[in-house]
Amino acid sequence: MVLGRGIRADVPPMALAFWRWAIAFMLVLPLALPHLKSQWQLLKQGWRPVFVLGLLGVGGYNTFAYLALQTTTATNAVLLNSFIPVATIAISWAFLGKRLTPLAALGVVVSLIGALTIVARGDLDVLLHLALNTGDLWMLAAVAIWAIYTVGLAWRPAGVHPMLMLAAFTAVGLAALFPAYLWEMAQGRTINVHAGSLLSLAYVGIFPSFVGYIFYNRGVAEVGANKASLFIHLMPVFGTLLSVVFLGEIPYAYHYAGIALIFAGIWLTMKKG
């Protein structure tokens, strides 16, 4: 989120979305090809969920988030992103009939309060006077898309290797992004090529796209959509910790309070009985 906002003047949103996934595709393809021949039929039989999940998870979420960051702040984007677990739980309940235990529901609320505490810098007025602009509406659309993607992972074809699955998702997403990228270039919006923009593209291609999606997809498979989505609340926590380590920023009391609430909420949600 922070990087997408920081390089918005040098890398247009469609270019950022397209090239991050092009880099991820180049990384995953050598790991996916060995499984293609033996699992092609499984992939072919499950083409519908693969197509939808590729459009949502690769073609949709990041693109909408980058469009949002053209006109909204990284703080607003992270704040709205914090509602992904709530949206995921609502969709999971509506379409799969999955309900949270009272203790798990309490954990979600506590964790959400912790995330909002960090993003709002411990000031309730920040939340009360939050004004939504066009970018925030794009971000809300991104939140809905990611929630649907998370729940929809339950329908991905069984037996397909994770690397092949990610490659298939990425291929679908790139096919959807390519016309939008061409249209953006036709409007005269191109990448300002320099070391910073190239390193930024390399970062988002390797870590959030390639590594992050492998871990997230595996996490959803292991603990389910509702619990996995709750870990989105750790984004403000990692943002705080990384700012301390790399930017020398000093954490305030609201950082500690928010982090404690987030971990308490996740513990309550994961707790059995």
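Start with the whole chain on screen: of its contacts (heavy atoms within 4.5 Å) between residues at least 6 apart in sequence, 91% join residues at least 24 apart. Before you click further, note that this is a predicted model, in which local features need pLDDT of at least 70, side-chain atom pairs count only at pLDDT 80 or more, and totals for chains, interfaces and linings use all residues. Residues are numbered from 1 along each chain as its sequence is written, and side-chain values use heavy atoms, with hydrogens and water left out.

**The overall view**

Switch to cartoon. You will find 13 helices and 0 strands; helices (H or I, at least four residues) and strands (E, at least two) are DSSP runs, numbered from the N terminus. Read from the N terminus, the order is α-α-α-α-α-α-α-α-α-α-α-α-α. Colour by accessibility next: 46% of the 273 residues count as buried. Here buried means under 20% relative accessible area, exposed over 50%, and partly exposed in between (1.4 Å probe, protein chains only).

**Stop 1: helix H9**

Select Thr 170, in helix H9 (residues 162-186). Is Thr 170 buried or exposed? Its relative accessibility is 0%, so Thr 170 counts as buried. Leaving aside neighbours within four places in sequence, Thr 170 touches Trp 21, Phe 25 and Val 58.

Now pick Gly 173, also found in helix H9. Gly 173 is buried as well, with a relative accessible area of 0%. With the neighbours within four places again left out, Gly 173 is in contact with Gly 54, Val 58 and Gly 59. Draw a distance from Gly 173 to Trp 138: the two are 35 residues apart along the chain, and their C-alpha atoms are separated by 18 Å.

**Stop 2: the aromatic rings**

Show all Phe, Tyr and Trp side chains. Rings (for Trp, the six-membered one) pair if their centres lie within 6.5 Å; planes under 30 degrees apart count as stacked, over 60 as edge-to-face and the rest as tilted. How many aromatic pairs does this rule give? The count comes to 14. Zoom in on Phe 18 and Trp 19, whose ring centres are 5.3 Å apart with planes at 85°, so this pair is edge-to-face. Phe 18 is buried at 11% relative accessible area, whereas Trp 19 is partly exposed at 32%. For a stacked pair, go to Tyr 252 and Tyr 254, with 5.9 Å centre to centre and 15° between the planes. Then select Trp 21, Tyr 61, Trp 146, Tyr 149, Phe 169, Tyr 213 and Tyr 216 together, and you have one aromatic cluster.

**Stop 3**

Gly 122 sits in the loop between helix H6 (102-119) and helix H7 (124-128). At 52% relative accessibility, Gly 122 counts as exposed. Beyond its neighbours within four places in sequence, Gly 122 is in contact with Thr 117 and Tyr 254. The stacked pair's other member, Tyr 252, is 130 residues from Gly 122 along the chain, with 9.2 Å between the C-alpha atoms.

Jump to Gln 41 in helix H2 (residues 13-45). Gln 41 is partly exposed, with a relative accessible area of 46%.

**Stop 4**

End at the second largest pocket, with a volume of about 340 Å³. Which residues come closest to its centre? Of the 24 lining residues, they are Lys 98, Val 223, Gly 224, Ala 225 and Asn 226. Helices H5 (84-96), H8 (134-152), H10 (195-223), H11 (225-230) and H13 (253-270) are the elements that give two or more residues to the lining.

A pocket here is an open set of points on a 1 Å grid over the protein atoms alone, where a 1.4 Å probe fits, with protein on both sides within 12 Å along at least five of seven lines; lining residues have an atom within 4 Å of a point. Grid points are joined across faces, edges and corners, and the volume is the space filled by probe spheres set on them.
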